[in-house]
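Keep the viewer open as you read.

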Amino acid sequence: MRGADAAVASGAQPARDGLAQRIDPARSACVLIGVSTYNERELPRLASVARNVEALARELRDPDVWGIPPERMKVVSDPATVEDVTLPIRKAAELATDTLLIYYAGHGVLHGNSELHLTHRATHRHYSETAVRYATLRAILLEHRATIGRRVVILDCCYSGNAVEGLSSHEVDDLVAIEGSYVMTATPRNALAMAPSGEPYTAFTGELLNVIRQGVPDRAEQQHLSLDDVYAAIRRSLGKRNMPLPGKQDSHDVGKLPFIRNRLSPAEPVPPHVPYWNRVRLAAAGAVLAGVAAAGGLTGHELADDGRPARAPEAKPAPVLTGPCGKGGKASLLSVSDALNEHDEWQGTKVEGLSALALTGGADVGAIALRDEEPGQLFRLQLGSPESLRPEVTGVLGLYRADGGKFTEFDGEGLVIEKGGATVLATAERGPALRRFDLATGRQIGRDFALPDAFYPPPRGEAPRSRSLESLTVTASGTYLYTGAEGPLIRDTDVHGRHQVRIQRLRGRPGGDYVPDRQFAYQTEEGHYLSDLIAVDDTRLLALERGYLRGLGNGIRVYVVDVADAVDVTDIDALDEGTADALLHKRSEPLLDLRKCPDGGVTSDEPQSNPILQNVEGMALGPQWTEGEHKGARPLYLVADNNGRKSQSTRLYSLAVDLRR
C-alpha cells in the first residue's frame with residue numbers, strides 16, 4: 001500500500017484531512033538535536049545551541065504550549081557519529097502516527113554541489129563522510145511516509161536554505177512525495193546562521209522561543225498558532241534586525257494547521273511566565289529584580305500570579321549595585337550615571353548620539369565626546385570622579401570644513417586628543433574620513449588623511465557604507481594611530497557568524513601627517529561588530545565589541561589584543577577560514593563582559609539581559625592608580641549612544657580594569 005490508503009490502514013491522519021484538526025501531540029513524536037561541542041580545530045564551539053535544545057524541549061512539553069508527552073520526545077545532545085543523529089530519527093518515525101517533528105541546531109556545512117550536511121561532534125569540515133547528508137534525513141522521511149501523517153523539520157544551521165532551495169527536479173519530486181511535510185530553515189541557502197556571543201540562544205531559535213513564550217499580537221484572536229504564523233513572526237523579527245531571513249517549504253498545507261497555543265489568546269489562561277519587559281517596568285516601580293539571567297531567572301522579590309511583586313515574608317538584603325564584573329577579577333564596576341540622558345539639552349543643543357570619548361584630565365575628570373550625526377559636534381564634559389560619576393556638559397563646539405562651511409554628512413565615530421591639547425583627530429563613518437580639527441575654532445586643519453582604497457565604499461573600495469571607520473586611538477608617544485572598520489570588507493567572509501574586520505595602523509607624529517603603516521585582522525564574536533579601540537601601549541589594544549539581539553538586548557565586551565607579533569594583512573586579498581593564522585590573538589575570556597556586571601542601580605526601557613546594558617560605542621582609559629583600593633589598575637570609561645531614541649539612554653560608566661600582564 002502507498003500514500004493515503006496505507007496511512008489510513010496504519011491509523012495515521014494525512015495532512016489533507018482538513019485544516020480544523022490540530023497537530024496532535026499525543027500521537028506525535030519529536031527529536032531535538034543540538035551540537036554545541038566540536039573539535040575546535042575543525043569547527044568552533046556553539047555554547048548557545050545547548051540552551052536552544054533545553055529551552056525548546058521545556059516549552060514543547062508544556063501543556064500550555066504543545067504538550068507532547070515526555071516519552072514521545074528524544075533530546076540528542078552532542079551526537080558523536082552519523083548514527084547518533086539518524087537512529088533517534090528512525091525510532092521516532094516508528095512511534096509517530098500524527099506528526100514527526102525534527103529540530104536540528106549546530107554547524108551546517110556544504111560539500112559537493114552545495115549539498116547541505118549536518119554536523120556532529122566529530123565532524124571534519126573537509127570530509128563529507130563525517131557529516132550527515134540532509135538527503136539521508138529526507139530518505140528516512142520517505143521510508144515512513146505511509147505511516148506518518150505529517151513531517152516537520154526545523155533547521156537552525158548555516159546554509160540551511162539548501163534544504164528547500166535549489167533542489168534538483170528529482171529531489172523536488174522526492175520532497176513532494178512526502179505528503180504533509182513542512183521544512184523551516186534559519187537562513188537562505190548561502191547565508192550563515194547567527195549565534196550572537198553572550199546571548200542565551202542562537203538568533204533564529206531565540207526568535208522561535210519568543211513567539212512560543214509571548215504569542216503573536218496580530219493573531220491574538222486565535223487560540224492556536226500555525227507553523228505559518230510562527231514562521232511569519234520569526235521572519236518579521238529577524239528582518240527588523242537585518243539578520244538572515246528564514247525560509248520554508250510546505251506540502252499539503254501543513255503550515256496552516258493549528259500547532260501551538262497562542263499566549264496572547266484571550267481564551268487562554270494568563271501564563272505564569274512574566275515577559276522581561278514587564279519585569280523592567282516593575283524594577284522601575286521599585287521592585288527588586290536582581291540577576292535577571294538571559295534565560296529568564298529571578299531573584300529578590302518573587303512575582304504574584306497577576307504580575308505584581310508579592311510581599312516578601314521577610315526583609316531582603318539590599319541589592320549590590322556595583323562591584324566585580326564576573327569571576328575573572330580583571331574588571332569592577334565603580335559607577336553608572338544617566339544624568340546626560342535626564343538633562344539632554346545644553347543651551348538649546350540636544351545632547352545625544354555620543355559615540356566616542358576622550359579624556360582631558362583634571363581632578364573632576366574632564367572629557368570630550370563626539371556626536372555621530374549631523375551637525376558635527378564636540379561636547380565638553382566634566383565626568384566627576386571614577387567612584388561617583390556626575391557627568392555634565394560644559395560646552396559645545398561645532399565642527400566645520402577648513403573653509404568654514406558645514407559638513408553635508410559627518411557621522412563621527414572615533415576621537416583622540418593630540419599632544420598639547422590644541423587639536424583632535426576624528427573619524428567619520430560617512431566618506432569615510434580621518435580628519436584633524438582645531439579645538440579653538442572647530443575648523444578642519446589640512447586635508448583628509450590618506451587611507452587604503454579598500455576602506456572606501458564601492459566603486460573605489462570594498463567597505464559597506466554603514467560599517468566603515470568606527471574607531472580611533474593613539475599611542476602615548478603619538479607615533480601610531482589605530483583605526484578599525486566596524487564590519488568586514490565585502491571581500492572578507494564571516495566565519496560561522498564571526499566578522500573578520502581590519503584594523504589599520506598609521507605612523508606619524510602629533511600635529512603632522514600620518515600615513516598607513518600596517519594592517520591587522522581581528523575576528524569578533526558571533527553577531528558582534530568592532531565598535532572602538534584604545535591603545536594601552538604601542539602594541540596592546542583594548543577592543544570594544546558590540547552586538548544587539550532583538551528581545552534580548554545588547555552584548556558589550558572588551559578584549560585585550562597585542563599586535564607585536566601580528567601578521568600584516570595589507571596584501572591578503574580576502575580574510576576567510578584559511579587566514580585564521582593571521583588573526584590577532586584574543587584572550588579566551590574578555591577583560592570585560594558588561595552583562596556580568598552588577599546592575600548599577602539603573603533601569604532599561606528596552607529588554608536587556610542586565611538592565612545596565614545599553615548601546616555602548618565609545619571608551620576612554622585613564623592613568624594607573626598609584627595608591628588606594630584600586631592601586632595598579634586603571635579607570636575605564638564607557639559611553640552609550642542613545643541613537644536619539646527615548647527608549648535608549650546616554651549612559652556613562654566607570655570601571656577599574658587591571659591591565660598588568
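## A cut-off to start with

A residue counts as buried when its relative accessible area is under 20%, and as exposed when that value is over 50%. Tyr-514, with a relative accessible area of 1%, is therefore buried. Please bear in mind that this is a predicted model.

## The chain as a whole

The protein chain has 661 residues, and 57% of them are buried. Its secondary structure amounts to nine helices and 35 strands. Of the contacts between residues at least 6 apart in sequence, 64% join residues at least 24 apart. The accessible surface is about 27,100 Å², with carbon and sulfur atoms accounting for 49%.

Helix α3 covers residues 82–95. Its 14 residues reach 21 Å from the first C-alpha to the last, close to the expected 20 Å. Val-85, Thr-86, Pro-88, Ile-89, Ala-92 and Ala-93 are the buried residues of α3. They lie on the same side of the helix because they cover an arc of only 160 degrees around the axis.

Among the elements covering these buried residues are the strands β1 (29–34), β2 (73–77) and β3 (99–105), along with helix α4 (134–143). On the face turned away from the buried side, α3 carries the exposed residues Lys-91 and Glu-94.

## Aromatic pairs

The whole structure holds six aromatic pairs. One of them joins Phe-410 and Phe-437 edge-to-face, with 6.2 Å from centre to centre and 65 degrees between the planes. Phe-410 belongs to the loop between β21 and β22 and Phe-437 to strand β24, so the pair ties together parts 27 residues apart in sequence.

Another edge-to-face pair is formed by Phe-449 and Tyr-514, at 6.3 Å centre to centre and 65 degrees between the planes. Here the partners are 65 residues apart: Phe-449 is in the loop between β24 and β25, and Tyr-514 is in strand β28. Phe-449 is buried too, at 6% relative accessibility. Ring pairs also link Phe-407, Phe-410 and Phe-437 into a cluster.

## Charges over rings

Two places are worth a look for charges and rings. The charged end of Arg-460 is over the ring of Tyr-456, 3.7 Å from its centre. Lys-586 lies over the face of Tyr-559, at 4.0 Å from the ring centre.

Notes
Residues are numbered from 1 along each chain as its sequence is written. This is a predicted model: local features need pLDDT of at least 70, side-chain atom pairs count only at pLDDT 80 or more; totals for chains, interfaces and linings use all residues. Side-chain values use heavy atoms; hydrogens and water are left out. Helices (H or I, at least four residues) and strands (E, at least two) are DSSP runs, numbered from the N terminus. Buried means under 20% relative accessible area, exposed over 50%, partly exposed in between (1.4 Å probe, protein chains only). Contact means heavy atoms within 4.5 Å. Accessible areas come from the Shrake-Rupley method with a 1.4 Å probe; for residues, only the protein chains shown count as cover. The expected span of a helix is 1.5 Å times one less than its number of residues. The arc is that of the directions from the helix axis to the C-beta atoms. Rings of Phe, Tyr and Trp (its six-membered ring) pair if their centres lie within 6.5 Å; planes under 30 degrees apart count as stacked, over 60 as edge-to-face and the rest as tilted. A charge sits over a ring if NZ of Lys or CZ of Arg is within 6 Å of the ring centre and within 35 degrees of the ring normal.
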